[in-house]
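Dear colleague,

I am passing on a structure that I would like you to look through before we talk. The model itself comes first, and my notes on what turned up in it follow below.

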Amino acid sequence: MRTILITGPGGSGRTTVAAATAVKAAHQGTRTLVLTADRTDTLGAILGTPTGGTPAEAAPGLTTWRPDATEAFRTDLLAFQDRAATGLDLLGAARLDGEELTPLPGAEELALLRALRDAATADTYDLLVVDLPPAPQALALLALPEQLRRYLRRLLPAERQAARALRPVLGRLAGVPMPSEWLYETAARWDVELAAVQLAVEDAATTVRLVAEPGPAGTDAVRTAATGLALRGLRTDALVANRVLPDASPDTWLAALAVQQRKALDEWRDEWGRTFDVHELPHLGRDPRGAEDLAALPVPSPGDAPGPVEWPVVDRLTDDGVLVWHIPLPGAIREELDLVRRGDELVVTAGQFRRIVPLPSALRRCTVDGASLRDGELAVRFAPDPDLWPRGR
């Protein structure tokens with residue numbers, strides 16, 4: 001299934017672009033589901049059809065879904081409370097009732113991830129359009145499954161569960177109670193669910209579309225988002241310049257704003273044109289509402305996914321005595337880059353973003369020999385460790 005994740009700076013009109021993209025695809029005969037995490041029904045107001053906690057048909061071939069974060073949060077917390085009943089009783093904790101539970105901040109985003117997983121594993125739709133939160137929150141959300149899985153593996157390694165028969169003995173020797181089996185079972189269940197979400201986000205048919213208004217603020221936001229997405233290994237297939245004013249206007253103020261927009265658009269095409277497409281959407285002079293307004297927006301068609309982002313390792317042992325790991329980081333700034341080797345992992349920091357990635361097997365037998373950033377690509381050099389590298393290579 002083709003998946004398009006849509007985000008951008010706050011107030012850029014990303015929900016409108018998501019709605020227009022879904023409507024266009026449905027009109028072309030594509031079975032389309034559009035997801036949103038907004039607590040208020042912004043998507044429904046734009047489409048002219050309310051959205052809710054269960055998938056509902058908004059038009060022929062178009063289904064909308066705004067997951068109910070409150071119900072999902074209540075169900076999960078009550079289930080966890082039941083499984084931890086013994087420990088809570090020992091502590092004298094008072095049980096929470098379902099009626100007093102309200103979702104914590106971030107519950108909408110977690111409900112969206114779960115809905116994304118369910119939609120991606122179903123055979124009901126051909127296209128999934130996801131209206132993500134504003135770019136900073138969206139980037140943190142997309143990183144969450146991988147990060148949580150790593151935390152679970154570190155805190156509750158699966159290999160320790162294999163020694164559960166020894167747990168009572170180890171507990172007596174250590175003098176402290178060992179983790180109960182249900183804790184490992186819960187962690188394993190969470191890992192399976194998180195892996196399904198991560199697979200949907202990182203699938204080769206999943207791409208991201210950035211939406212921004214052309215201008216200085218939009219330029220900075222696009223550059224930051226493009227770097228963050230690339231670090232996560234996510235493919236950006238289009239940059240949508242929203243609310244573009246006509247070039248000619250008798251109004252002096254509007255004419256000056258149009259000139260500023262045109263300058264930003266030229267910069268976007270120069271900087272990003274070789275990385276992804278840049279599309280312009282005209283300003284309609286009003287907030288788009290209903291199918292007619294959405295149809296007037298020439299959003300790009302879903303198209304085919306351009307393929308996954310690759311981080312290739314190039315063998316330059318013969319010429320330079322090193323292996324080079326190429327990591328695309330468009331928009332990255334040299335002064336804001338940092339690399340730290342940590343065992344079999346590499347900690348990559350680009351501005352406000354950080355990712356811990358496992359090293360390819362060949363590079364684990366090497367030491368870091370330097371790095372360079374050129375034309376939006378980070379090249380990390382690795383020299384073979386004589387004590388670990390196979391003899392005769």
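Arg39 is exposed, with a relative accessible area of 59%, where exposed stands for over 50%, buried for under 20% and partly exposed for what lies in between (1.4 Å probe, protein chains only). This is a predicted model, in which local features need pLDDT of at least 70 and side-chain atom pairs count only at pLDDT 80 or more, whereas totals for chains, interfaces and linings use all residues. Residues are numbered from 1 along each chain as its sequence is written, and side-chain values use heavy atoms, with hydrogens and water left out.

Salt bridges

The side chain of Arg39 meets that of Glu108 in a salt bridge at 2.3 Å, N to O, a salt bridge being a side-chain nitrogen of Lys or Arg within 4 Å of a carboxyl oxygen of Asp or Glu. This pair links distant parts of the chain, with Glu108 in helix 5 and Arg39 in the loop between strand 2 and helix 2 (42–47), 69 residues apart; helices (H or I, at least four residues) and strands (E, at least two) are DSSP runs, numbered from the N terminus.

A search of the whole structure finds 20 salt bridges, and one of them joins the side chains of Asp126 and Arg31 at 2.9 Å, N to O. Asp126 lies in the loop between helix 5 (107–121) and strand 5 (127–131), and Arg31 in the loop between helix 1 (14–27) and strand 2 (32–36), so this pair ties together parts that are 95 residues apart in sequence. Asp126 is partly exposed, with a relative accessible area of 33%, and Arg31 also counts as partly exposed, at 38%.

Arg262 and Asp247 form a further salt bridge through their side chains, at 3.5 Å, N to O. Here Arg262 belongs to helix 11 (residues 252–272), while Asp247 sits in the loop between strand 7 (236–244) and helix 11, 15 residues apart. Arg262 is partly exposed, with a relative accessible area of 25%, whereas Asp247 is exposed at 55%. Through shared partners, salt bridges join Asp247, Arg262, Arg269 and Glu280 into one network.

Four strands form an open sheet in the order 9-10-15-14, with antiparallel pairing, where two strands pair if DSSP finds at least two bridges between them. Strand 9 (313–316) and strand 14 are the edge strands, each of which pairs on one side only.

Helix 10

Helix 10 (residues 216–231) has 16 residues and reaches 23 Å from its first C-alpha to its last, close to the 22 Å expected at 1.5 Å a residue, the expected span being 1.5 Å times one less than the number of residues. Its buried residues include Gly218, Val222, Ala226 and Leu229. After helix 10 comes Gly233, which has a positive phi near 75°.
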